[in-house]
Amino acid sequence: MSPEPVSDTSGNVRQRLLDAALQLFSSKGYAATSVRELVEAAGVTKPVLYYYFKNKEGLYLALMGDGLAEFHQVAEQARLAPGSVRELICGYCTALLDIFVGRLPVARLIYAIYYGPPQGAPHIDFEASFSTMLTHMEQLVGEGISTGEFREVDPVDTAWAIVALLNTAMEEQFNQTKPVRVDRAALLRLLSLLFEGIRK
């Protein structure tokens, strides 16, 4: 029988557990973080963690899943917004950069898991998010060619160029150099340069 969730007057219990997991997984690594440390950091008991997430793995999957779901939701909304293809691409890229900046601690953890040494964390297909961006960009570039906004270019190569600019802007947010060298405005300037090369 599952324990009942605790009443909480100082904040959302589930969010406190997610916040504690983010801080501990980022600072210690997934494998080195114990359930005891997680519940102590969140100010709850083990049965409460088990109620909300079943176990440490479930907590990790929820943390990553929440961040990736928000990323995909923003991408889909931006892709379907009204406007010219150029406006759609700019809106798409800036929307994803904004959500990346807004969830920077989660993004740091994702990059650490993806690019760093194995931590024993459950597998998540992070590559799928990158592939989604490429597919969306390829579709938008193809639409721009069809409507006459862009000249006949290779949609795949152009999609890679756009996503490369977006990735550069995202990864620059990790840089400790201040101010950030490629911010939202700089990303739009770089995209404008690219558009000059492919406009009809």
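Predicted model: local features only at pLDDT ≥ 70, side-chain atom pairs only at ≥ 80, totals over all residues.
Let me start with helix α9, residues 184–198, which has 15 residues and reaches 21 Å from its first C-alpha to its last, close to the 21 Å expected at 1.5 Å a residue; the expected span is 1.5 Å times one less than the number of residues. Helices here are DSSP runs of H or I with at least four residues, and strands are runs of E with at least two, numbered from the N terminus.

Residues are numbered from 1 along each chain as its sequence is written, and side-chain values use heavy atoms, with hydrogens and water left out.

Back to α9, then. At its start, a side-chain oxygen of aspartate 183 comes to within 3.3 Å of the backbone nitrogen of alanine 185. Within the helix, Ala186, Leu187, Leu191, Leu194, Phe195 and Ile198 are buried, where buried means under 20% relative accessible area, exposed means over 50%, and partly exposed lies in between, with a 1.4 Å probe and protein chains only. These buried residues pack against α5 (85–102) and α8 (155–172).

On the α8 side, I would point to threonine 158, which lies in that helix and counts as buried because its relative accessibility is 8%. Not counting residues up to four places away in sequence, threonine 158 touches Val141, Val153, Leu194 and Ile198, a contact being heavy atoms within 4.5 Å. Its side chain also reaches the backbone oxygen of aspartate 154 at 2.8 Å; a polar contact is a pair of N or O atoms within 3.5 Å, where within protein one must be able to donate a hydrogen and the other to accept it, and residues adjacent in sequence count only if both atoms are side-chain atoms.

What about the interior? The largest nonpolar core has 41 residues, and those with the most contacts inside it are Ile89 and Leu96; such a core is a set of buried Ala, Val, Leu, Ile, Met, Phe, Trp, Tyr and Cys residues joined through side-chain atoms within 4.5 Å. The elements giving two or more residues to this core are α4 (56–79), α5, α6 (104–115), α7 (127–147), α8 and α9, and the largest share, 11 residues, comes from α5.

Turning to the rings, a search of the whole structure finds 13 aromatic pairs, counted when the ring centres of Phe, Tyr and Trp (its six-membered ring) lie within 6.5 Å, with planes under 30 degrees apart called stacked, over 60 edge-to-face and the rest tilted. Phenylalanine 25 and tyrosine 30 form a tilted pair, 5.2 Å centre to centre with 50° between the planes, and both residues are buried. Phenylalanine 100 and phenylalanine 174 have ring centres 5.5 Å apart and planes at 50°, so this pair is tilted; it links phenylalanine 100 in helix α5 to phenylalanine 174 in the loop between α8 and α9, 74 residues apart.

Finally, which residues does lysine 200 contact, leaving aside its neighbours within four places in sequence? Lysine 200, in the segment after α9, is in contact with Gly148, Glu149, Phe150 and Arg151. The C-alpha atoms of lysine 200 and glycine 148 are separated by 6.6 Å, although the residues are 52 apart along the chain, and lysine 200 is exposed, with a relative accessible area of 70%.
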